[in-house]
Amino acid sequence: MSTEPEPTEDAENAEPGTPGAAGQSGEGGTAADGDGEAAAQLSEAEAELAAQRLERERIERRKAEKAGPIEAGAKLSGKAADLLAAVRAVESGAKPPVTVFSESAPRRPAPEPVRRPQPTPAAAPAAPAPEAVDAVRRVLSDGGAPDALAPQVAAALGEGAEDVLREDPWLLLRVGGVRPEQADGFARALLGAECGPDDERRGRALTGWLLEQAALAGHTALEMPALTAALTQRGLPDAEAAVQSAVAEGEALVFQDALAPTAPAPETAEEAEERPVRILVGLERYALAEESLADGLARLINSVPKEDGSAEAWEDAASAPDTAAELVRAVAGHGLVLHTGGEASLAEPAAVLQTATALGLRAWAATHTPTGRDRFAALCAGRPVGAVQGRDGGNEPAPGAPGVATVAGLLSGDEGPGRDTDGALDLDLLVVLDAPQLDVETGALLVESLPDGARLVLAGDPGVLWSAGPGRVFADLLAARVCPRIASRRPDLGPLGELVSGVGIGELNQVEAPGKEVVIVPVRDAGEAVHRTVQLVADSVPRAIGVPPEQTVVITPGHGGAAGTRALNAALKERLNPGPGRFGGFDPGDRIAYSPVPGRTTTGKVVTADAAGLHLSCAGASVVVPKERVEQSVRHGWALTAHQAVGNRWPAVVVVLPGDAAQSLSRPWVYTAFGRADRHLSVVHGVDQALPRAVAEVPAKPRTTRLPLLLSTQVPVTG
C-alpha cells in the first residue's frame, strides 16, 4: 500500500440513506410530482411511479379480500392493552377503520397472487391548481412560513388544502424538510392561545413524522417504547395517547408480534398472558409492502419450479465441483435461492443464466444501475467488461445470451421481456443482482410480478450498504434460513481484492501494491483534502495509472461540509469543465448524478439544455429533465456519496475521508466505498485511527423490520 505524503477534515451530514441516517433525500434529490401538462409518454420516473401506484392499489385489494375478524392472540396488560383496545374501537366502527396485524393468530397460506396489468403511458398527474397554491400561500404567510412551500403543501394535502392546513397547522410536517420546531412555530402563529404541547393534532402529526423519519433510516416499523420515548423527548405530555390517536385516525398501524412465532399456540389464558410479544407501530404503505413481499416470497418458496423437462440437463450442467455448480443445482430444484459473494462471484449467476438459456428457458437478470447492467451483460455475452449493451440496455440481449435489465426498467416496462396476458413478467428465471439494494416496496413489486412456477435468484454482496429505502430484504432472508443459501468461494484477487476482503471481516490490512493499486494520501484539513483530490483526479491518477479523469470517481461521506460532494464537485468542475453554469448551474460536459426517484442514482453527462429542460446522457440513454425538476433531481457527479455509488464500479476511485466524517464511518460504508474501484484506489485520509476503528468496531446499524417473522409463519426453516 503506497503512501503519498501530503494532505482532511470537514464534511457535514452523515451519508443520507446509510443505516440509521436521518434521511435519504440528500442522495441526489427526488423527482417532483409533475408539471401539470399532459404527457404523450411517461418519463422513466413517472412510469416507475405509475407502476408503484398500481401495485399499491393491488395490495390494498388483496388486504380487503383477506379482511375478516382478527383474533386477539396473546393477552396483554397495561399500556399495550390500552393501545389494542383503541384499535378494537376502530374495528367496531366507532372510528375510521384501521388494519391491525396480530401475529399470534395462525396465518393462512399465502393466497394466489392477483396479477396487475402492465402499466401503460398516461397523462402526468396534474399539479395543484394555481388558485389552490395561492390560497395555501396565504395561510403560510399568516403563519410566518415560507410561501415557497405552497406548491408542496397543496400537493401533499390535496383538495381544500388551505382549510385543512388552517385547521391543523402541524400537517405542515408532511412536507419534506420541515422540522417539528418549525411546525410548532407555525401552529402558534395561527392558533394563538389554542396551541399547546398536548394538542391531539400535534401528537398525531409528530407520530407520523417520526415514523417517516424511521423509514428514511431504514426501519419498516418502530417498537412502541422507542416511539413513545422519542415523542416524550419532543415535549408530548402523554406519548401513549398520541400513538393511540394516530392509530385510531388511521395514520399509523399497530402490530402485536410474538417473539417466538414458531412456538405452539397457548392453550390457556395464563399461558397467553406469559407469551412474550413486542408491540410495533408503522406506516401503512410499508406494512402492506412488507406483508405482500412475505406472501410473494412464500409463494415462490412453497411452489415447485415450472416443469421444463430438463432435470437431467440441469444435472449435467451442475457436474463441476465448484460453487457455480452448487448454485445451478439449487436453482434447478427451488423457487428461491440466495447467492452471496464479491465481484468475482458474478461469474456464478452468469453461469446459471447461460445454462438456463441453453435449456430454452426465458432467463433474465436485473441490476441496480445501468452501468451494472452493462457490465453484467458483457460478462454473460463474453464481451470485455465495460462494453455497452445497447441504447435500450436490457431490451436487446445478444443472440443466445440471457437478457439483462435494471430493476427499475424491468418493473416500469421500459426494459425486459414484457408481460404475459396475466400481467406477470414473461420469464422463467430471474436473477436479481445487487440484492442488498432491494427495499420492501421494490421487493414486493418484484416478487408479485413473477409468474407461478418461476425461479428467483437473489444475489449480492452482504457486506455493502443496505438499501436507501426501508427494509433489509436480503439480510433478512439470509437470517431467516427459509431457502438455499449458496456462498461463493471465488475470492476477489489482487491488492484491491485483498484490501476489501479484509474490510469485510473487520480488518484494515496493509497490502502490497507494487502497481500502485492502493495509495494513501494523508491530509491535515478540509482545504488540503479538496486540493489533493483535484490533483489526484486531474493529474496524478492519469499520469501514474493511465486512467483519465472521466473514468475516475470521488466518494465522500456526505453532501455538505468543506469536503463534501458540493465542495468537491465545485472544485472539480472549476478544474475539469469550467463554465458559468448557464443551465441551472450546469454546462455541457458536466458530469452529473441524476436521481429520478429517491434512492436511485444514475451517473451521466450534461449534453445541452433548451425549453424542454436539461438534456442528459446516462449510460447511453438520452434523458430530459424538466427545468422545474433539475434542482431536486440533478447534482454534479464527479464526487458522489457511497450510497450514490453502490451498484457501480470505476477504473479508479478516490475516497475522501475528512476529519469530521469520523463519526459517520462504518464497516459497510468503507467496504462499499473501497469496493467501487476496479484498478486503482486512492484514499485521501484525514481521520487518523477512526478508519481502522470503524472497520473493526462499527457494523451496520440495526433496522427494525417484520419480514423474518412474517416468513416464519408461512415457510419452514431449512437450517
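Colleague: In which sense do strand 9 and strand 10 pair, and over how many bridges?

Modeller: Strands pair if DSSP finds at least two bridges between them. Here strand 9 (residues 429-432) and strand 10 (residues 455-460) pair in the parallel sense over four bridges, and Val432 stands opposite Leu458 in strand 10. Strands (E, at least two residues) and helices (H or I, at least four) are DSSP runs, numbered from the N terminus. This is a predicted model, where local features need pLDDT of at least 70, side-chain atom pairs count only at pLDDT 80 or more, and totals for chains, interfaces and linings use all residues. Residues are numbered from 1 along each chain as its sequence is written, and side-chain values use heavy atoms, leaving out hydrogens and water.

Colleague: What is the strand order in the open sheet?

Modeller: The six strands run 8-7-9-10-6-11, with parallel pairing. Strand 8 (403-406) and strand 11 (485-487) are the edges, each pairing on one side only.

Colleague: At what angle do helix 14 and helix 15 pack?

Modeller: Axes are lines fitted to C-alpha atoms, for helices over the stretch in contact, and angles run from 0 to 180 degrees between N-to-C directions. Helix 14 (residues 347-358) and helix 15 (residues 370-381) pack at about 60 degrees, with axes 9 Å apart. They are therefore oblique to each other (under 35 degrees is roughly parallel, over 145 roughly antiparallel, 65 to 115 roughly perpendicular, the rest oblique).

Colleague: Which residues of helix 14 meet helix 15?

Modeller: Contact means heavy atoms within 4.5 Å. Ala347, Pro349, Ala350, Leu353 and Gln354 in helix 14 meet Phe376, Leu379 and Cys380 in helix 15.
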